[in-house]
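Thanks for coming. I will go through one model today, starting with a helix contact and ending at the ligand.

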Amino acid sequence: MIAITGIRALKDDEFNLIKDIIYKESGIHLSDMKRALVQSRVMKRLRELRIPNYEEYCSYLTGNYDVEIVNLINCITTNKTDFFREPRHFDFMREIALPEFERAGRKRIRIWSAGCSTGAEPYTIAITVAEYFQDRKMPDVRILATDIDTQVLRKAEAGIYGAGELANIDIDILRKYFKRGRGENAGMFKVKDAVRGMTTFGRLNLLDEAYPMKGSFDMIFCRNVIIYFDTASRKKLFDKFSGFLNDDGYLVMGHSETLTGLTSRFSFIGNTIYRKVI
Ligand SMILES: C[S@@+](CC[C@H](N)C(=O)[O-])C[C@H]1O[C@@H](n2cnc3c(N)ncnc32)[C@H](O)[C@@H]1O
């Protein structure tokens with residue numbers, strides 16, 4: 001058995017190799033301040049692969065690039081999320097955006113959760129839509145949910161959460177949209193088919209030159225994703241988002257994210273929500 005304890009710290013050349021690869025492949029910019037974080041996250045991969053030190057891991061990474069790059073990205077990304085996180089965005093959907101789409105007589109509503117993590121965001125969007133239309137005839141609503149991290153996508157697709165992950169959800173909403181697990185699944189909750197059926201999940205690197213989707217969206221949620229992107233990557237992304245939005249479409253960003261000084265393709269509405277400028 002290989003002893004993993006007592007591994008020496010990540011050396012400069014190892015950190016730089018990993019940092020450059022992560023930047024090239026995901027746009028995530030890891031400053032020197034993130035060195036301890038990289039070290040502890042990559043340590044997880046050393047344990048899983050039973051590799052005794054970072055030097056050997058770097059050789060393994062370069063020798064098995066196509067396979068390992070996905071695992072490396074999975075362990076570096078920060079996936080923190082929550083149901084009804086930043087609730088003002090869902091108030092905005094209910095009070096402004098959805099009534100607007102309904103008044104316009106939309107037969108189809110398309111929403112994209114870009115950087116969806118384990119699914120709390122797209123399922124919150126779906127629940128907000130279902131609550132808005134209630135028993136009224138609902139248009140054809142589809143929510144596309146994408147992320148670069150294949151591990152979080154697996155969990156999102158399964159739609160199964162522990163009680164602790166659902167702590168923010170009102171009890172009536174929980175009863176209405178989640179099935180309670182029994183027997184060996186006691187304490188777990190599964191998203192009901194009505195909500196699950198509105199969502200489609202897929203892997204997408206937002207840094208890719210071209211995206212495979214056809215058609216455009218009424219709303220794009222890209223919250224708490226661009227924090228690690230540099231200015232050039234952000235600019236490119238907002239231009240792309242503008243191209244993927246309908247003329248009256250909205251872009252919803254995370255609480256600490258701004259488009260100011262990066263693009264003139266959006267106007268600010270409030271609460272980190274932007275509207276496409278035609
Ligand atoms: C902090 S989570 C935010 C989740 C959700 N949007 C929210 O606000 O609750 C950020 C997500 O962005 C994803 N991400 C990071 N870089 C990405 C990239 N280049 N392309 C697509 N997704 C990326 C991560 O894998 C992670 O799941």
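In helix 1, I21, I22, E25 and S26 meet I69, I73 and I76 of helix 4. Meeting here is contact, taken as C-beta atoms, placed from the backbone, lying within 7 Å. By class, this contact has 5 nonpolar, 1 polar and 1 charged residues. Nonpolar covers Ala, Val, Leu, Ile, Met, Phe, Trp, Tyr, Cys and Pro; charged covers Asp, Glu, Lys and Arg; the others, Gly among them, are polar.

Two points on the source. This is a predicted model, in which local features need pLDDT of at least 70 and side-chain atom pairs count only at pLDDT 80 or more, while totals for chains, interfaces and linings use all residues. Residues are numbered from 1 along each chain as its sequence is written. Helices are DSSP runs (H or I, at least four residues), numbered from the N terminus.

Now the geometry. Helix 1, residues 12-26, packs with helix 4 at an angle of about 95 degrees, the axes being 11 Å apart. Helix 1 is therefore roughly perpendicular to helix 4, a term used for angles of 65 to 115 degrees. The axes are lines fitted to C-alpha atoms over the stretch in contact, and angles run from 0 to 180 degrees between N-to-C directions.

The next pair is helix 2, residues 35-49, and helix 3, residues 54-63, whose axes come within 11 Å and cross at roughly 80 degrees. So these two are also roughly perpendicular to each other. Helix 2 contributes V42, R45, L46 and L49 to the contact, and helix 3 contributes Y54, Y57 and Y60. That contact has 6 nonpolar residues, no polar and 1 charged.

Just after helix 2, R50 has a positive phi of about 55 degrees.

How is the protein divided into domains? The assignment, which is automatic or from a database, gives domain 1 (12-76) and domain 2 (88-276). Their C-alpha centres lie 29 Å apart. Across the boundary, 7 residues of domain 1 are in contact with 11 residues of domain 2. On the domain 1 side, the largest share, 3 residues, comes from helix 4, residues 65-76. That side divides into 3 nonpolar, 4 polar and no charged residues.

Last, the ligand. It is surrounded by 24 residues, the closest being T77, T81, G115, S117 and I148; a residue is near if its C-beta atom, placed from the backbone, lies within 6 Å. The shell around the ligand has 7 nonpolar, 11 polar and 6 charged residues. Domain 1 and domain 2 each supply at least three residues of that shell.

How values were computed:
Parallel < 35°, antiparallel > 145°, perpendicular 65-115°, else oblique. Contact = placed C-beta atoms within 7 Å.
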